[in-house]
Amino acid sequence: MNYTQLAHECLTRADELAACTESPGILKRTFLSEPMRRAHALVRDYMQGAGMQVRVDALGNIVGRLEGKGPKAFLTGSHLDTVPDAGKYDGMLGVLIGIAAASAIGAQNLAYHFDVIGFSDEEGVRYKMPYLGSLAVAGLFKAEYLARVDERGVTMADAIKNFGLNGEDFKSAAYNFADVAGFAEVHIEQGPVLEAEGLALGAVTGLVGQSRVKLFYRGLASHAGTTPMRGRRDAFTALSELNVFVEKYALSIPNLVATVGMAQVRPGGANVIPGEVYFSLDIRHGDQPVLDRATEVILGEATAIASRRNIEMVIETQEAQAVVKCEPLLVNKMASAMEFHSHRPYRLASGAGHDTAILSKVTPTAMLFIRSPGGISHNPIETVTVEDVAAAIEVFVTFLRSL
Ligand SMILES: [Zn+2]
């Protein structure tokens, strides 16, 4: 099998898909937008060329099936929607590599049916809610989502109808997971780790969990000239102290990342002591106990700083996204497939969310990461090399044959 040729084909197809956009000059393709129709026509063509039967489900996921011996199916896939001003590979490359693997394997050569899914929405741009496609496939989509409206006031139900589908029928998009052996997603890393390790590929062990907190520090605004330094209740100074602590603490725990990404200083005058600051904390780690402990320590320090500085602290919202673990047996098979082709069986946790997070709730999962040169994604300069894509297809085919 000529994997380099298959890789070149994937990259050409990524260019073709990137031409299906809502905004000329940049790539933007959201849930069931008009250009998604053209993307579906292309993907249908690619799937049929690989010998697959193609269907589109009620939530607009396009599914190609390579018939194997059955009765169970093994699934792969990724998303066909994009963020605004996206790169060409986030999501799409996973679908294209799935199709390339199907054409490399050919019909009747697998112990199970092999389904490649192009999810209609993962980024959540249009309805401010991610994973619409994989939620439906996983049987976790809820009827109430259909009432959500986009920026133009179009309900999700109408968007689905305009695309020629019936959203009310969302239950039919779900698999019966008794008949599913698992799900494996190929995706660009979207970070710098593999490049720093000098590696083309990585076996993903799971997806990091996340704590998201939005909170206020409230002190007292007053005149920057007439108020002496002692006794000030400067909310922004309190946040500054906290942020230095956050960095120091995160550096002390392997693989912990913690960020104050948003801070609004009020009233925001150059000659006024900040009376209030509204800010966010984003804390992520691949192990739930470490994440829980980090959240506790950072919020504990936030409280201590507030009380030392006579500042009020109010938590507005606190959300948690649990750590997702891939199935160790499948992760081992992915690592073995890498080793078989002379790649170091490097394992890493994903720092970003993926459709795999949703499928993990209902079936065993694995992921294969491909090096992102420069570590850049969600940006038009996002890229991959043809060598890395060829390596990914080869390893993925070996993985699928090992199941
Ligand atoms: Zn993605």
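Reader: Which side chain meets that of Arg308 in a salt bridge at 3.9 Å, N to O?

Author: Please note at the outset that this is a predicted model. As a general idea, side chains of opposite charge can pair when their charged atoms come close. In this case, the partner of Arg308 is Glu301, with 3.9 Å from N to O. A salt bridge is counted up to 4 Å, so this pair qualifies.

Reader: How exposed are Glu241, with 27% relative accessible area, and Arg308, with 53%?

Author: Exposure is read from the relative accessible area: under 20% is buried, over 50% is exposed, and values in between are partly exposed. Glu241 is therefore partly exposed at 27%, whereas Arg308 is exposed at 53%. Glu301, at 21%, is partly exposed.

Reader: How many salt bridges does a search of the whole structure find?

Author: The search finds 16. Among them is the one between Arg266 and Glu276, whose closest N and O atoms are 2.7 Å apart. Arg266 lies in strand S9 and Glu276 in strand S10, so the bridge ties together parts 10 residues apart in sequence. Arg266 is partly exposed at 32% relative accessibility, while Glu276 is buried at 18%.

Reader: Let us turn to the helix. Which residues of H7 are buried?

Author: Helix H7 covers residues 235–252 and reaches 26 Å from its first C-alpha to its last, close to the expected 26 Å. Its buried residues are Ala235, Ala238, Leu239, Leu242, Val246, Tyr249 and Ala250. Viewed down the helix axis, they fall within an arc of 95°, so they line one face of H7.

Reader: What covers these buried residues, and which exposed residues does the face turned away carry?

Author: The cover includes strands S7, S8, S9 and S10, together with helix H8. The face turned away from the buried side carries the exposed residues Glu247, Lys248 and Leu251.

Definitions and conventions
Residues are numbered from 1 along each chain as its sequence is written. This is a predicted model: local features need pLDDT of at least 70, side-chain atom pairs count only at pLDDT 80 or more; totals for chains, interfaces and linings use all residues. Side-chain values use heavy atoms; hydrogens and water are left out. Helices (H or I, at least four residues) and strands (E, at least two) are DSSP runs, numbered from the N terminus. The expected span of a helix is 1.5 Å times one less than its number of residues. Buried means under 20% relative accessible area, exposed over 50%, partly exposed in between (1.4 Å probe, protein chains only). The arc is that of the directions from the helix axis to the C-beta atoms. Contact means heavy atoms within 4.5 Å.
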